[in-house]
Amino acid sequence: ENERVRVWDLALAPGESLEKHIHRTDYFFVVESGGLIRFADPDNPDDAFDTQFEDDQVTFVPVEGEGKVDNRLTNIGTKRHRNYVIELKD
């Protein structure tokens, strides 16, 4: 991390989760090893969806207003998922 960016290294083994969190600035992520990830709201079990991430995928995510909430991420696939999140500071 420095005054311009913050980098997260996110690695989830099958069955592992990352709890609900918020992004307050634009960011992009680079997928090293794609996996099948379930996004689920811990406060509303009916609010869930699954996303398959691909190796070498790069995605930019603009963040507006008060921020973007990511609900609990759980690796429901059979292999490790790993990506790097690069948050762009204002």
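Biologist: In what order do the four strands of the open sheet come, and is the pairing parallel or antiparallel?
Modeller: Bear in mind that this is a predicted model; in it, the four strands of the open sheet follow the order β2-β9-β5-β6, and their pairing is antiparallel. The edges are taken by β2 (17-18) and β6, each of which has a single partner strand, so one side of each is left without a neighbour in the sheet.

Biologist: How many bridges join β2 to β9?
Modeller: Two bridges link β2 to β9, which covers residues 72-75, and the two strands run antiparallel; L18 has L73 as its bridge partner in β9.

Biologist: Switching to pockets, what volume does the largest one have?
Modeller: The volume of the largest pocket is about 320 Å³. Its lining consists of 23 residues, of which Y27, F39, F53, D70 and L73 are the closest to the centre, and by class the lining has 14 nonpolar, six polar and three charged residues. Among the elements that give two or more residues to that lining are β1 (5-12), β4 (27-33) and β10 (81-88).

Biologist: And R82, is that buried or exposed?
Modeller: R82, which lies in strand β10, is buried, because its relative accessible area of 19% falls under the 20% cut-off.

Biologist: Which residues is R82 in contact with, beyond its neighbours within four places in sequence?
Modeller: Those contacts are D9, L10, A11, V31, E32 and S33, and with D9 there is also a polar contact of 2.6 Å between the side chains.

Conventions. Residues are numbered from 1 along each chain as its sequence is written. This is a predicted model: local features need pLDDT of at least 70, side-chain atom pairs count only at pLDDT 80 or more; totals for chains, interfaces and linings use all residues. Side-chain values use heavy atoms; hydrogens and water are left out. On a 1 Å grid over the protein atoms alone, a cavity is a set of points where a 1.4 Å probe fits but cannot get out, and a pocket is an open set with protein on both sides within 12 Å along at least five of seven lines; lining residues have an atom within 4 Å of a point. Grid points are joined across faces, edges and corners, and a volume is the space filled by probe spheres set on the points. Ala, Val, Leu, Ile, Met, Phe, Trp, Tyr, Cys and Pro count as nonpolar, Asp, Glu, Lys and Arg as charged, and the others, Gly among them, as polar. Two strands pair if DSSP finds at least two bridges between them. Buried means under 20% relative accessible area, exposed over 50%, partly exposed in between (1.4 Å probe, protein chains only). Contact means heavy atoms within 4.5 Å. A polar contact is a pair of N or O atoms within 3.5 Å; within protein, one must be able to donate a hydrogen and the other to accept it, and residues adjacent in sequence count only if both atoms are side-chain atoms.
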